[in-house]
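I'm opening my notebook on a structure that is new to me. Here is what I looked up, entry by entry.

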Amino acid sequence: MAVTLRASDNGLKKIERLRIIKGWSRREKAWYELAYTSESTLRRFWKKQPISYENFVKICTVIDANWQDIFDDSPAGLLEAQDIPAANSVHKVAIAHPSQAQQQKSFALPEKIAPVRNWVGRSREIDTLKSQILDPQTRAISITAVCLVGLAGIGKTTLASQLIRQLQAENAPFTAAAWETLRSSTGKAPRFDSIIDSLLLTLSHGEISAATTQNEDRQKTEILVRLLKEKPCLVVLDNVETVLQTGQAKKTGYFADDCLEYKWLFNQLVETEHQSKVIFTSRESLAELSAIAVRELPLKGLEKEDAVNLLESHQQCLNLTTTSAELVLLAERYQGHPKALEVVSALIRDEPKFKGQVGKFLRHRQWLLINTLDRLIDEVFIRLSDLERTCLSRISVYQTAEYPLDTAGIAAQMPEVSEYELEESIIQGLRRRQLLDYDDRQESYQMHPLIQEKAHRLLHPDRRVASSESQLANRQAYRYFLTIPLKTEAEWQEIEDIKPLLRAHYHACCAEDWDAVTAAILGVYDFLRLGFLFQLLKDLYSKLIPPDWRDGKQFVTSPEVHADILQYLGVACIYLGQYQAALEYLSVSLSTASQIRYRKGEAAALCEIGDVYIETGDFQISLDYLKQSLVIAREISARKIECKVLIYQGVNQYYLGDYYSGIASFKQALKIARQIGYIEREASSLKDLAIFYNVLGDYESALKYIQEYSSLPDLYKGISSLKEVQVYLSNIYFNKGETEKAKSFAREALRLEGDIGKKCGTDSFISFGISHRFFEDLQRSLEYFDKRFKRAKEIGVKFDEAWALYQIGMTYLQLGQHDLSLEYFHQSLNIFHKIGTRAYEAESLLILTKTSLLINTVPLETLQDYCDRAEKICLDLKLPLLTEVQKLKANLQENRD
């Protein structure tokens, strides 16, 4: 039987340290290829799963580990230990000894090569570079040079170093390699002769030194090129941005005037035909080199998974406390920037207030640029021209995640320069410096979060006070968004249709131009309200009032507009179930309007206060406010407000069981709505009239009104209107006794459930529950009723709470659980009685009586009392239910006799 081994926990810790030193990932291709095994075997090794003895030893030897220190020698880990060869026979394993392996390498690693620590990811970039350096089929060198460009700290040097190490491990066809960095302590490029002499010394294997050649710089360059022709070499020139121009946008990427020797060298390296390969790393594009001879590879942050793997490595080394979700969030916050993740991980460990807890950092540190990173980005910003710095800081106010940034948006921030200078110098310069990137997928210019924060900090140094530059940039932004053409208001369907107005609102708020904010956003009120986007509505309009608005303070100039804003906020809160907040907004709106004799504002506020009290079940209080509103509305001929008041009045009358008065109110509202073209209120009048007539048993009238309602545009009826029509028709036909028709409409309502269920409000839960009950899907029915009950209880809508309890009772009744149904009927009756919804109280008393008769445990005197109370309500309100109540009462009397 074959010998198998598996790694121990301590052994893997040793392997992990050696892996980090070598700069390999846990699935490094070079690792398993040098061990003559597969990636899947290496994965099993890491998972502590048994693998063959030969593969185990090879994997350990390649990483410079003694396999005997790594394997699990416990009884559970050691399989067939007696067959393991003796320790002194390890040399017989079919793998090259390290010294032999080194002799097989095609070239030695450069002495000055940068270290690689915690290597993760970048497999796509490595593969791209290898395919550019070597022809995949013939492994011949195919092009002259590549240039890795990217933001400071993004990992260009590390990638180049890892590439060289892998090429060496894979015996790539190079005979020598050299690495020179052009960064110095002064921030300027090193003297040219020191670099060229070092290259010659390394690539000639010590034969050509500064002492042996006294040639001029250009002659040395010619000697270097001759070397590159004679034998295939790898040359890495790191941080070459130091030889480029600074402070001039139109010359970004061009060689500095005092670095002409470097210009000559670089051009000779890439334009002369030779069999070697040159790799540049730079924070800026090399604009003067041939785009044909040099392949540029822009480097972005690590992929999310790789960034998380890097953070996990930091977590282990620094002993951080965190969760997987927190690591993902941290990786996303810095967009996979390796240096930033390293620096931040160390800060989390060292900062006393974080105590090594990533979650605390995420919660309490609102900015990205900690000191070390700030200094790193400073190295980039110091190279900018004044116009580049101005442009970058101004466009930092844009939120490109919310709306794409195009050239027009940038031009709006730079009116002082020509279109030519903007595009050919400034934008081009920022792109060459890797500070501005164009995302083809999003069709938008983007900045890395570190750059955007730095640019915005220059614009707005003190977050507590708006600077004049910040206000200017935001003013120019909102004016730009107001110039973007929109669809007509009638064509608005999605939030995207009004996005420019929302962006204008945001920037006007940042500029504290409150009248401009109001002008940008007032026109979308009806669209947001009809679209049931009440949270967004509240978020937008709450920006237009100061913190001390309760004391009569305002941002906008016009007190009338201020009163309207407060009224709109009150409406939003009503629909959000925030009734106390709604009353506060509406009360101040009413007070403001009354003080300035803004009669329309008074009428509107009184009307909406009436609506609040409908929702809370205080129907008489509601009617008092509505009467006041109606007087003012008629006095000033505010027909829309008059129409709305009549509808709210009709709703009150419905809940109070005064159905005939309610019908009269709705018919008046319907007449006004049609006269003034108020389609939204025409729709609600028709729908409620159908409900009234259905309750009264006039099913033909109910069908007539619901059909008229369904013929109106959906825009004015809410997102769940189509489903509501099916439910209403189902209910009407069920009451008519046409069960099959009722079921067909209920079936259609349930079909629509999947389309609108996630979009509609909790009001639809009752409709969905009733529809499911039609088909005896009673468990699903109960789920919907329970959701509606919990939401109603949470926001304090007493009627909805009672109605949900009533429906739960009806469902348990259908399930045959009579005791449970009685419990829910009692709860609903108590609430209906408390809030004065007498018609529903009568209905609850009737169903209580019927259910009690089924279990035969309730005294007849109690049942008689139920019927007496229901009869009185029906007589007072002239309810059609009277006939059924009196019939039941008579049956009880017979039983008693």
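Predicted model: local features only at pLDDT ≥ 70, side-chain atom pairs only at ≥ 80, totals over all residues.

Which backbone nitrogen does the side chain of Q653 reach? I found that of G662, at 3.3 Å.

Residues are numbered from 1 along each chain as its sequence is written, and side-chain values use heavy atoms, with hydrogens and water left out.

**Around Q653.** I placed Q653 in helix 30; helices here are DSSP runs of H or I with at least four residues, strands are runs of E with at least two, and both are numbered from the N terminus. Q653 counts as buried because its relative accessibility is 12%, and buried means under 20% relative accessible area, with exposed over 50% and partly exposed in between (1.4 Å probe, protein chains only). Leaving aside neighbours within four places in sequence, I listed D658, Y659, S661, G662 and S665 as its contacts, meaning heavy atoms within 4.5 Å.

**Aromatic rings.** I counted 43 aromatic pairs. The rule takes rings of Phe, Tyr and Trp (its six-membered ring) with centres within 6.5 Å; planes under 30 degrees apart are stacked, over 60 edge-to-face, and the rest tilted. W24 and W31 make a tilted pair, 5.8 Å centre to centre with 35 degrees between the planes, and both are buried. Y655 and F799 are tilted too, at 4.3 Å and 55 degrees. That pair links distant parts of the chain, 144 residues apart: Y655 is in helix 30 (residues 639–655) and F799 in helix 38 (residues 798–814). Y655 counts as buried because its relative accessible area is 16%, and F799 because its value is 6%. I also found both in one aromatic cluster, whose members include Y654, Y659, W803 and Y840.

**Charges over rings.** The charged end of K640 sits over the ring of Y678, 4.9 Å from its centre. My rule was NZ of Lys or CZ of Arg within 6 Å of the ring centre and within 35 degrees of the ring normal. K704 lies over the face of Y705, at 4.2 Å from the ring centre.

I traced an open sheet of five strands in the order 4-5-6-3-7, with parallel pairing; strands pair if DSSP finds at least two bridges between them. Strand 4 (176–181) and strand 7 are the edges, each pairing on one side only.

Is strand 3 enclosed or open? Six of its six residues (145–150) are buried, so it is largely enclosed by the rest of the structure. A145, C147 and V149 point one way, and V146, L148 and G150 the other. Strand 3 pairs with strand 6 (residues 277–282) over five bridges, where A145 stands opposite V278. With strand 7 (residues 294–299) it has six bridges, and L148 has L297 as its bridge partner there.

**Last look.** E871 is in helix 41 (residues 860–877). I marked E871 as buried because its relative accessibility is 16%.

Methods. Polar contact = N/O pair within 3.5 Å; in protein donor to acceptor, adjacent residues only side chain to side chain.
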